[in-house]
Protein chains: 2
Amino acid sequence: MDQHLPHQHRLPQHLLRAREAVMAYFRPLLNGFGLTEQQWRIMRLLDDRGEMEAGMVADLACILSPSLTGILVRMEKAGLIHRRKDKTDSRRLIVSLSDSGRALTHQISPLSAACYQQIEQHFGEAKLSQLLQLLAELEQLPTPSQASETASSNGESEPDA
Amino acid sequence: MDQHLPHQHRLPQHLLRAREAVMAYFRPLLNGFGLTEQQWRIMRLLDDRGEMEAGMVADLACILSPSLTGILVRMEKAGLIHRRKDKTDSRRLIVSLSDSGRALTHQISPLSAACYQQIEQHFGEAKLSQLLQLLAELEQLPTPSQASETASSNGESEPDA
DNA sequence: TCTGAATGATGAACATCTTAACATTTCGTA
DNA sequence: TACGAAATGTTAAGATGTTCATCATTCAGA
């Protein structure tokens, strides 16, 4: 009757559900300011680290470049950021927070922190830091291609010289 | 110089990154069969539990109903599932796996399990089950509205009578 | 029985994701 | 110097996410 698969833990699904549970706390706040998750991630990033290339924004904010292109255009149109080309290498796009974007970031930040406090309070500080540790390790999983390279004894990776 | 915010753990971002690292293992497999993540989630669900209402699919597969509507239409068009109205309550939509959908599911399942084994091997069985436990607990976070109700002593929730 | 609230799904509008193809610019090198 | 490869963004097309509105159906109660 119940044919439960032996190793079917559905890790991706649990990661998704957990994320939804957490985002339920932040989403109303961001919506109230007319921001999307992704826009808020980018704003915090730029506020924390200052201006940077689009590629680095993509990496750090976990956004693929084709998505990022549109997001940055809309954010510039909304007056949140500036976009300019790198003078040395005109392939590169430099993204920076505008003054009003920075002001908005500083306005939202404490509210976001308060949301986070709520979550921490409900879930428990110890479990939270334990979870973050495990997630950080999971993020370091070798890429499937890397994994297969390791499996075969001849490392196809670039020689470091 | 480095102005790291005190309680800025970025839990949602880590959940997202971790999920990406894991999905990198599954995505090529599903793409090879022309399936999306969501479609595969739905197929496994229907194979495991048999036919069910669309609403339950949405809940269990973590898909919002407006998205689900289109996904189910496309899956039926692809011959993976059947859709029919409940005879008793014609508001409800009953979704079931087609024969070819079931065959495809059974074809992919062992390959998916093999991917999972790889991940388990790299990450470690103990840490994996520990992580799953924490995620399951995090999913149980009270909704922000529930949390605020609990905070105020007068429960505004529906009286159970 | 009739009406208004509740329920389940869909429609609409916009944003984002995902993959593949392109365009531009830069760099290494013959 | 000119050519081809690599790096960086952008377009394109289709699928999904997100919020709000709407439609059809059912249900509860006057």
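Visitor: How do the residues of the surface near DNA strand C divide into nonpolar, polar and charged?

Guide: This is a predicted model. Seven residues of that surface are nonpolar, ten are polar and seven are charged.

Visitor: Which helix gives the most to the surface near DNA strand C?

Guide: Helix 4 of chain A, with four residues. Helix 2 (37-49) of chain A supplies at least two, as do helix 1 (11-32), helix 3 (54-61) and helix 4 of chain B.

Visitor: Why is the pair between B:Thr69 and DNA strand C called a polar contact?

Guide: The cut-off for a pair of N or O atoms is 3.5 Å. A side-chain N or O atom of B:Thr69 is 2.8 Å from a phosphate oxygen of DNA strand C, so the pair qualifies. B:Asn31 also reaches a phosphate oxygen of DNA strand C, at 3.0 Å. A:Gln38 places a polar side-chain atom 2.9 Å from a sugar or linking oxygen of DNA strand C.

Visitor: How do you know that strand 2 and strand 3 of chain A pair?

Guide: Pairing takes at least two bridges. Strand 2 (residues 81-85) and strand 3 of chain A have five, so they pair, in the antiparallel sense.

Visitor: What joins strand 1 to strand 3 of chain A?

Guide: Two bridges, with the strands antiparallel. The threshold is at least two, so this also counts as pairing. A:Met52 stands opposite A:Val95, and A:Glu53 stands opposite A:Ile94.

Visitor: Why are strand 1 and strand 2 of chain A called edge strands?

Guide: The open sheet of three strands runs in the order 1-3-2. Strands 1 and 2 of chain A each pair on one side only, so they are the edges.

Visitor: What makes strand 3 of chain A mostly covered?

Guide: Buried means under 20% relative accessible area. Four of the five residues in strand 3 (residues 93-97) of chain A are buried.

Visitor: What is the strand order in the sheet of chain B?

Guide: The order is 1-3-2, in an open antiparallel sheet. Five bridges join strand 2 to strand 3 of chain B, and B:Ile81 is partnered by B:Leu97. Helix 4 (residues 65-77) of chain B lies across both strands, at about 120° to strand 2.

Conventions. Residues numbered from 1 in each chain as written. Chains lettered and ligands numbered in written order. Predicted model: local features only at pLDDT ≥ 70, side-chain atom pairs only at ≥ 80, totals over all residues. Heavy atoms only, no water. Buried < 20%, exposed > 50% of the residue type's maximum accessible area, 1.4 Å probe, protein only. Contact = heavy atoms within 4.5 Å. Axes fitted to C-alpha atoms, helices over the stretch in contact; angles between N-to-C directions. Polar contact = N/O pair within 3.5 Å; in protein donor to acceptor, adjacent residues only side chain to side chain. Nonpolar A, V, L, I, M, F, W, Y, C, P; charged D, E, K, R; others polar.
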